[in-house]
Amino acid sequence: MDWTNSGLDELVTFVESHSQFAKSLSSVPEPFNPATDLPEAKLNRINEWEDKSPGVTAAASTSIQPNLRHPCDVLAERWDEVFEKYPFASHWFDYQIDSVSGSPICALCRLFARAPVVAEASEFGPKSFGVYTVNLLGERERLLADDYAPERYLMGLTASMGDHRRPLRHLKGLSRRNHRHGTQGLLVPAVKPGDEHKYRSPYMARLIDPKQVDFGLLQKWVTKCQIDHIDCQPPQRSLDQIGVTLTVVDCQTKVKVPLAQGERYLALSYRWGEPPKCDDPWAVSAAPRTVQDAMDLTLKLGFRYLWVDRHCIDQNDEVKKARDVAIMDHIYENATLTIVALAGSDDTYGLPGLGTEPVVPRNEPLQANLAGHTLLSLSPDILTSVEKSEWASRAWTFQEALLSKRCLLFTPDQVYFICRTTYWSEFLPNFPNIKPLGGGGVGTEHDPYSGSDPEVTLSNLFYFQKGGLEGASSELEGLGRDINIYMRRLMGDQNDGLNAFRGVLSRSFYWSYYGVPLVTRAGRELSKMRKPKADFEVLPALPRTISNSARLVIEKYVRDRRLDKMMAATASVTPKKRERKTIFGGTYYDDYAYDCLPGAGEPFHPSPTLAFLYGLGWAVDPGTTCHRRPPMPTWSWVSIYGGAIFFDRDPDGNKELRTDVHTIPSSNVKVWLPADKGSPPKWIELDMKFQSSLAKLILEHGPLIQIESRVGDIQKVTFQPSGDDGYRDSPKVSASITGLVDTKPYEIYLDCLEELPRHSSDGATWSNLGWKYVLISRASIYNPEPEYRDAWADWPPTNTFLVIRPFGQYWKRVGLLRTTDKLYQNGERDVIILA
């Protein structure tokens, strides 16, 4: 490009014409500096008031003057002025951490000492913190809040490390959003129930009864969500429509009954404890404390029926149990409300604030009384409460919450209501409703894969990290994120490794088999509306006597001509919009140019076999440690737990050019699956079994798969522990290929270290372990635009190989190998069976 003035103008025009790029630049928040961004009248207000007091000499100081009164006394005296409405923040004073360490006498200082930003301060960090009044509604939220008059403000007190000239926290537009990310310990003026009329703002914190839940408030939340929230409406397919009769607990008669058609029910999500020692541990009469409290709550909320897995699933009938596990997603999605037991370590604890005698008490709220006024600490926030709970560490609870429409979270401190649209808490029961950010479009503002900073909802409850929302830019990245969260969770019975995730898989963008996604590009979704061999129908009928070389030339010519016609019909100046669905029923839109067209070497129609082979290419993150689940097939990610995996070469991932296409060329690899549960198995081609599947979970008849592909021998395997070469922070396993000389060993993404023979901590090398490598997939990039087509013509594909080892008469996967080298040329075509 010409970097003269005209060239620069061209660049500016290009950037401005791409609205998404321009929007991403303008949406980055600028750092907020109170010293420059706040008016002088809003800085050091304690000193300002004291300077005006009789007998006090004015001084331009940036911290509390030693001869002045305690700042908390001044705040109490000027209460109304402290919490006057203001767009975002007022700075009151800077304070030394040492002043609140130990056991301060002042009640407000004790709250500051327990605020996360102060309590977790590093010894090498700032030695002071600033105290601010902030508006809990950000600038955008104030514009979108329903019935939010100017006099109805919601202010709180917070601390930020560093003095006001160098704050370490971003305070501009501070809202409840920042608080729930765990970055702030907000202190909010509080009133007792019934005293709200004494104050100008109805949006104040509420002092709750530690021994009793307000059932009227819980009913109000549920009703409001049912009426107002579009994203929380009943699913399109009810249990009646899918032909399921559910067994539920009748909370009035305390017996198990079949759910009548059209009846509403609640569900319970909790952590199991040890079964009671009695004749029938699954009887309702033997229900543990948490289940009993949930039954009591069901009646108090005006409902009658409750679904509890331990009582409503026949634990003694494996066939019925498998059926109910397979529809777990429908069970939680169709429940009017899910009760979540966050408190306690198992089902003997109960639900705090309600239930059978004696009532499980809740923690006393952290508060400070100043001159007759009360400040209530909102810590711990909803994310902290979930993160620290035993419930959130269990594998089953991940999909139970993710697939529910709305939940009541019973924590040791308070009750939270959370749904697919928003959340409310007992401490802040009247928080304003925030209208959808997308102008009312269903699901757009709550898309879990959005890079924005949305409301905490059931759709993203588990995706918030310390740095904010862990976004996902594509369907495959989103599925990988869900898998990694799930893999870190604990499970009592490893045989449930797949069952506890089936609900998420059934709502996934991809078809799957034993958890392995059938990965295709967006716009090239798999379809059962064609014949498995339809790709050959586009080619002319050629004489059998024609040579192979001539056949290849003709086939390529026909293919190129058809691609040119498809491109001409697809290309446009403005990218086309493709509607896409989230797993929660919402809708969002994505741009595409040519990604829906077949790439070089790809079949015209998406291939289930190629999609499955691409999904087999998951790899363990070298920086994490995984362990095997022995009952699960080793070729699926469900066979490991504890670490993290990733899918390389995301076909919908980042592109250098908008018209680039990530392709999955055919490698002439064939896959067969068991046709039934017989032994030895009868095999059926994957494409044929895909066509006969009725749901996105391809019918599973056994953990074996048969692959025909290029197979080569691994001559030597070397293990190097972490730090062996001075800079690596994770172990390294490499393989030398039989028949190749003068080549560097290839690194293996090992599934777990226990796949290696016993070795010393200093490393080891093994020869003739019998390991092999199997070609499963190839990935490349091409661009159909005439000006770029030649540039990508010689782009080397990335070849993906499974690394396998002998396992009786079968083979087991031990890891993955990726390279642009054509290692398959060094192998022979063979058939292997993976277990």
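Author: The protein exposes about 38400 Å² (Shrake-Rupley method, 1.4 Å probe), and carbon and sulfur atoms supply 51% of that area. This is a predicted model, in which local features need pLDDT of at least 70 and side-chain atom pairs pLDDT 80 or more, while totals for chains, interfaces and linings use all residues. Residues are numbered from 1 along each chain as its sequence is written, and side-chain values use heavy atoms, without hydrogens or water.

Of the 835 residues, 53% count as buried, where buried is under 20% relative accessible area, exposed is over 50% and partly exposed is in between (1.4 Å probe, protein chains only). The chain holds 23 helices and 36 strands, taken as DSSP runs of H or I with at least four residues and of E with at least two, numbered from the N terminus. Among the contacts with a separation of 6 or more, 71% join residues 24 or more positions apart, a contact being heavy atoms within 4.5 Å.

Turning to the part you asked about, a search of the whole structure finds eight cavities of 30 Å³ or more. A cavity is a set of points on a 1 Å grid where a 1.4 Å probe fits but cannot get out, and its lining residues have an atom within 4 Å of a point. The largest cavity has a volume of about 210 Å³, volume being the space filled by probe spheres set on the points. It is lined by 16 residues, of which Pro622, Thr624, Pro731, Leu750 and Leu753 are the closest to its centre. Strands β30 (732–737) and β31 (746–750) each supply at least two residues of this lining, and β31 gives the most, with four.

Elsewhere in the chain, several backbone details deserve attention. The peptide bond from Ser379 to Pro380 is cis, with omega near -5 degrees, and Pro380 has its place in the loop between β12 (373–377) and α16 (382–387). A cis bond with omega near -5 degrees also leads from Ser679 to Pro680, and Pro680 is found in the loop between β27 (670–674) and β28 (683–685). Asn768 has a positive phi of about 55 degrees although it is not a glycine; this residue lies in the loop between β32 (764–767) and β33 (772–782), where Asn768 is exposed, with a relative accessible area of 68%. Lys254, with phi near 60 degrees, lies in the loop between β6 (247–250) and β7 (255–258).

Asp324 lies in helix α14 (residues 318–326) and, leaving aside residues up to four places away in sequence, touches Cys312, Ile313 and Ile331.

Finally, the structure holds zero disulfides, a disulfide being a pair of cysteine sulfur atoms within 2.5 Å. Cys225 is in none, and its nearest cysteine sulfur, that of Cys232, is 3.7 Å away, which is too far for a bond. Both cysteines are buried, Cys225 at 0% relative accessibility and Cys232 with a relative accessible area of 0%.

Note on methods
On a 1 Å grid over the protein atoms alone, a cavity is a set of points where a 1.4 Å probe fits but cannot get out, and a pocket is an open set with protein on both sides within 12 Å along at least five of seven lines; lining residues have an atom within 4 Å of a point.
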